[in-house]
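Subject: Handover of a structure

Dear colleague,

Please find the structure below, followed by a short account of what was found in it.

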Amino acid sequence: MAALTTLALLAVACGGDDTTDDDGTAVPTETDGATTGDDGDATTGADSGNGIVIAIGSEPTSLDPQLRDDGGERAVNDNVYETLIARTPEGELTPGLAAEMPTQVDETTWEFTVREGVTFHNGEPFNAESVAFSVNRIIDPEFNSEQISFFNTITGAEAVDDTTVRITTDGPDPVLPSRMYWMKMVEPVSAEDAGFAENPVGTGPYRFTSWNRGESLQLEANPDYWDGAPAIGSVTYRFVPEAGTRLSGLSAGEFDLMTNLLPEDTERAPNFASVQGLEHPHFILNTMEGVTADPRVRQAINLAVDKEAIANDLFQGFAVVDQCQISSPSWFGFNPDLEAYPYDPERAEELIAEAGAEGETIEIVSESGRWLKDRELTETVAAYLEAVGFTTDVQIFEFDEYLNRLFGDVRPPAIFISHSNELQDADRTASFELEIGGTATSHDDDEIHQWVTDARTETDVDAREELYRNAWQKACDEAFMLFLINNEDIYGLSERLEWEPRVDAKLLVKEMSLAG
Amino acid sequence: MGRFALRRVIHGIVVVFGVTVVVFVVTRLIGDPVRVMLPLEASLEQRAAFAAELGFDRSIPAQFASYLGDIVRFDFGESLWQDRSAMAIVFEHLPRTLILVSASIVLAVVIAVPLGIVASLRPGSILDRVSTTLGLIGLSIPNFWLGAMLILLFSVTFGWFPTSGSGTLKHAVLPVVTFALPAAARLTMMVRSSMIDELNKQYVQMARAKNLPFMRTVGLHAFKNASVPVMTLTGWEYIRALAGFSVVVETVFAYPGLGFLAIQSIRRQDLILLQAIVLTVALMIVVVNVLMDVAYKAVDPRIKLA
């Protein structure tokens, strides 16, 4: 018994959000397939016809859209709630509940005009007051929102009139429009209700119907939606953690959409769709001490690894090689001029010889099971480094011990990490990996640090973009990281569902339709 | 009998206390729960605030005292994941697992007892060899593989049963079968060998020689004596299912019972909920053990508490 307990608790320490099943969401709906058509099926409430079932990897924590930060919650709430600023499927910012893009009144004040004629699901009007309430609610320290790191520059909001609201920040904040893409607007009266987390009230194209804890959740189309009632009449979310079980349900016709289809399973799914996603697995190199302190060694490491082969073989083509930066083309601050280090083991060997680092041991720290194919990626990289003459010491730890190494006083020469940036604005990545003092920063370059901190308050969009481009240029030249790949998000689809996945990984049911 | 039961209950309480100590030590002393639970990007201030909120900033003895106090009241606090009482969540999921495991064990016994008895009557016969071979196959098949195969065959190919979920009889069929078949295999082997032992004993041979009715001899006397080891194994099958197999089978079928919940709480790094699950399972195992011991005593009064 003691052994069982110990094992279970140890497993906690090792457990993480295994990206293989997600944060995303996939949902199954009751289709007219034979498999789940039994009467009184409590698990799938979608009526046949134009309802769909999405299988997602994890159940929402809470349906209060401002409280927690997890994939299951987002998968559902992205359809129930809306934001002032939205994004196109390609990632471009566009007005959502705001009638137009915001204007800056002064350095620390942004003014939004809200869309007229929008109502919440309970019939209450959406207006500047509800925006001000939503903003002030999420930044209230008493409220203790897990999403606060997205909004920690915001100091308050005030309604000027019925359609105009002003949001103030603690300094110039060019990231504010992106932040408002993340903040969902809640209805003031119902949000004060104790049961709000289980009875969401938004302005979105879908209304909450029911939630069967541990099993499924239903939404129905909002006939009064301001942008026209959506095509899909209802959606059932099923919580199925195992990717294999989701795939079985998809194959059996129980689900119309599943998240996190594995690259090797695409041929077994009735249909699938993929899009360049937000996840960037890479290795942080210690630039301050040890063998990797020499930039020639770090460049050699980048030259020694065949990134194309990793994308094509290990990820079966469902990944693109990073252009020498931890950023995607859809993110603000992406530097399109950079190119990945080519695979050039001979040049790598020359650089190693120049640096006098032949045969040096490179300690590589990683973990296993938290990110897609993390262990395989680590072992592959180690093999490439061995091939150019390094000796490698691969240490794969359970997650807590891995964090010890990541947060420790001395960072290992190479440590695996995967970063994703939901705001799609370089500030989030830069404060994590480029700014001195950032959790994952492993250099002491004052110039990059200055560019990143300047960019945080630079309100001229072009000048700001230039600062990030400079930062990535230098990080690439100096090879601060071993830049690898950007994963694609892969979704399994039923044959009847038509949908193009989005670069921000949102599952917006209003963008889906059924064939025939 | 009363004293026997009481002593078993006291033993059980000691075991449960031991488990609570192990749970506490493992959660507090191995790794830093606060660090594991928060996102990588969380700041030092956020980590400190979170630790204070959960009481992890207090001394270990103080934490242990309040932990024990809470457990005595069966209060494990709020699940970090769902922001509601951890015990309430456990009680939501527990009945589903109990139904699944109980139905599986009943099915296993219903399959194993007649099969084992029939096999034991003529050792070496074709019937015996068939049941032994089936038993061996059943013993060697891992649950997750069996579950996956059943899903492929009966859900994906034939479409007879749903691949996952709960709520109707149809949802329970495949997980119950997945649980029951290996257990039935082990039980069949046990019934067979116990019965062969009994049937070879002198009293049975004598009864047969005297031409006493066959069913009475085999069914009543021999099987009654053979049933103690069978009961032990049945109890252990129940415990195995509760303690570990439910995790595998419920995960494969996305069946929202306690095992499924355990995996979710691990993924969510929800130590509070996991503590509640582990201690609930421990308590049930102890209860099953006590019931088993009392049942032996009822069947065979010669049994003494070790």
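Chain A contains 15 helices and 22 strands; helices (H or I, at least four residues) and strands (E, at least two) are DSSP runs, numbered from the N terminus. The model is a predicted one, in which local features need pLDDT of at least 70 and side-chain atom pairs count only at pLDDT 80 or more, while totals for chains, interfaces and linings use all residues. Residues are numbered from 1 along each chain as its sequence is written, chains are lettered from A and ligands numbered from 1 in the order in which they are written, and side-chain values use heavy atoms, with hydrogens and water left out.

Overall form of chain A

The C-alpha trace of chain A spans about 70 × 60 × 50 Å along its principal axes. A compact globule of 516 residues would have a radius of gyration near 24 Å, and the 24 Å of chain A agrees with this. That radius is taken over C-alpha atoms, and the globule rule is 2.2 Å times the number of residues to the power 0.38. Of the 516 residues in chain A, 60% are buried (buried means under 20% relative accessible area, exposed over 50%, partly exposed in between, with a 1.4 Å probe and protein chains only). Among contacts in chain A with a separation of 6 or more, 70% join residues 24 or more positions apart; contact means heavy atoms within 4.5 Å.

Aromatic residues

Over all chains, the whole structure holds 20 aromatic pairs (rings of Phe, Tyr and Trp, the last by its six-membered ring, pair if their centres lie within 6.5 Å; planes under 30 degrees apart count as stacked, over 60 as edge-to-face and the rest as tilted). One of them is the edge-to-face pair of A:Phe332 and A:Tyr468, at 6.4 Å centre to centre and 90 degrees between the planes. This pair links distant parts of the chain, 136 residues apart: A:Phe332 is in the loop between β15 (319–321) and α10 (345–355) of chain A, and A:Tyr468 is in helix α15 (residues 461–477) of chain A. Both A:Phe332 and A:Tyr468 are buried.

One aromatic cluster is formed by A:Phe283, A:Trp371, A:Phe399, A:Tyr402 and A:Phe416. Over the face of A:Phe399 lies A:Arg370, at 3.8 Å from the ring centre. Likewise, the charged end of A:Arg213 sits over the ring of A:Trp211, 4.1 Å from its centre. A charge sits over a ring if NZ of Lys or CZ of Arg is within 6 Å of the ring centre and within 35 degrees of the ring normal.

Salt bridges

Side chains of opposite charge can pair when their charged atoms come close. The count over all chains is 33 salt bridges, each being a side-chain nitrogen of Lys or Arg within 4 Å of a carboxyl oxygen of Asp or Glu.

In chain A, A:Glu379 and A:Arg375 meet in a salt bridge (3.5 Å, N to O). Both lie in helix α11 (residues 374–387) of chain A, four residues apart, about one turn of the helix. A:Glu379 is partly exposed at 41% relative accessibility, and A:Arg375 is partly exposed at 36%. A further salt bridge joins A:Glu422 and A:Arg428 (3.7 Å, N to O); A:Glu422 is buried at 17% relative accessibility, and A:Arg428 is buried at 16%.

In chain B, B:Asp293 forms a salt bridge with B:Arg8, the closest N and O atoms being 2.1 Å apart. B:Asp293 lies in helix α12 (residues 271–299) and B:Arg8 in helix α1 (residues 2–29) of chain B, so the pair ties together parts that are 285 residues apart in sequence. Both B:Asp293 and B:Arg8 are buried.

With kind regards
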